[in-house]
Amino acid sequence: MCGRFTQFHSAEAIAEAFEVDVEDLPPRYNIAPSQPIAAIVQRLDEPRKLLWLRWGLIPSWAKDPAIGYKLINARSETAFEKPSFRYAFKHRRCLIPTDGFYEWQRLEGSKKQPFFIGLKDSSPFAFAGLWERWESKEGDIVETCTILTTEANDLVSPIHDRMPVILHPKDYDLWLDPKFTRSDRLQALLVPYPSEFMVSHPVGTKVNSPKNDSPECLQPSILA
């Protein structure tokens with residue numbers, strides 16, 4: 001799964017990496033579900049753009065928006081057919097820029113060691129995401145998203161059995177294209193990222209609380 005991640009590269013770096021206009025992007029070191037996150041979308045016959053979406057997808061047909069708290073992740077193996085995700089999988093895919101994500105490894109007893117996981121070259125990259133528009137009875141529009149997950153690669157598997165789907169830059173255009181709807185071709189992109197291009201290190205327990213949002217969340221630390 002993916003329950004915490006970072007977005008701390010500069011607006012200029014994100015604009016260059018994803019070929020999108022970015023006016024302002026404050027650094028964030030501990031993004032948690034239900035918070036707004038920067039995501040890149042492409043609507044029909046429009047250029048790609050960066051939007052702020054709430055993390056936790058609310059399907060357009062949902063009666064209770066609280067369902068979003070349960071839909072922060074979508075399994076890539078089944079998202080194309082699940083009622084909560086299948087419309088978004090076909091028509092509303094997005095890129096979620098990031099520098100890395102956190103995962104917790106179970107230790108003896110009740111302890112869990114947090115890890116930060118990113119790319120070896122420290123460059124920004126993108127999770128595969130889905131997004132939706134939900135309208136309340138009062139007419140308020142809420143735009144939300146979820147992060148697709150897949151089986152863990154060799155680097156992540158000792159920590160957790162799932163990981164977010166990391167897309168290769170060469171696949172960004174296809175993933176964003178709202179006119180492309182072949183689920184088999186899209187699913188072929190949703191595989192574990194090669195572990196040889198990734199790194200991880202243990203971090204301290206500051207990341208356990210979403211109230212902590214500073215570079216200190218990334219500091220190496222091993223639980224005693």
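## Exercises on a predicted model

**Exercise 1.** Leaving aside neighbours within four places in sequence, which residues are in contact with leucine 95? Then place leucine 95 in its nonpolar core.

*Solution.* The structure is a predicted model.
Step 1. With neighbours within four places in sequence set aside, leucine 95 contacts Phe18, Ala39, Ile40, Ala126, Phe127, Leu167, Tyr172, Trp175 and Leu176.
Step 2. The largest nonpolar core has 30 residues, and Leu95 is one of those that touch the most other members, along with Phe18, Leu130, Leu148, Leu167, Trp175 and Leu190.
Step 3. Two or more residues each come from helix H1 (11-18), strand S3 (36-41), helix H2 (86-91), strand S9 (125-135) and helix H3 (172-176). H3 contributes the most, four residues.
Step 4. A separate core of 28 residues includes Trp55, Ile72, Ile117 and Cys145.

**Exercise 2.** Is threonine 6 buried or exposed, and which side chain does its own side chain join in a polar contact?

*Solution.* Step 1. Threonine 6 belongs to strand S1 (residues 5-7).
Step 2. Its relative accessibility is 0%, so threonine 6 counts as buried; the cut-off is under 20%.
Step 3. The side chains of threonine 6 and aspartate 99 make a polar contact of 2.9 Å.

**Exercise 3.** Which strands pair with S10, and in which sense?

*Solution.* Step 1. S4 (residues 49-55) runs parallel to S10, with two bridges; arginine 54 partners threonine 144.
Step 2. S5 (residues 73-75) is also parallel to S10, over three bridges, with asparagine 73 opposite isoleucine 147.
Step 3. S9 is antiparallel to S10 over seven bridges, and glutamate 132 faces threonine 144.
Step 4. S11 (residues 162-164) is antiparallel to S10 through three bridges; arginine 162 partners glutamate 151.

Conventions. Residues numbered from 1 in each chain as written. Predicted model: local features only at pLDDT ≥ 70, side-chain atom pairs only at ≥ 80, totals over all residues. Heavy atoms only, no water. Core = buried A, V, L, I, M, F, W, Y, C linked by side-chain atoms within 4.5 Å. Buried < 20%, exposed > 50% of the residue type's maximum accessible area, 1.4 Å probe, protein only. Contact = heavy atoms within 4.5 Å. Polar contact = N/O pair within 3.5 Å; in protein donor to acceptor, adjacent residues only side chain to side chain. Pairing = 2+ DSSP bridges.
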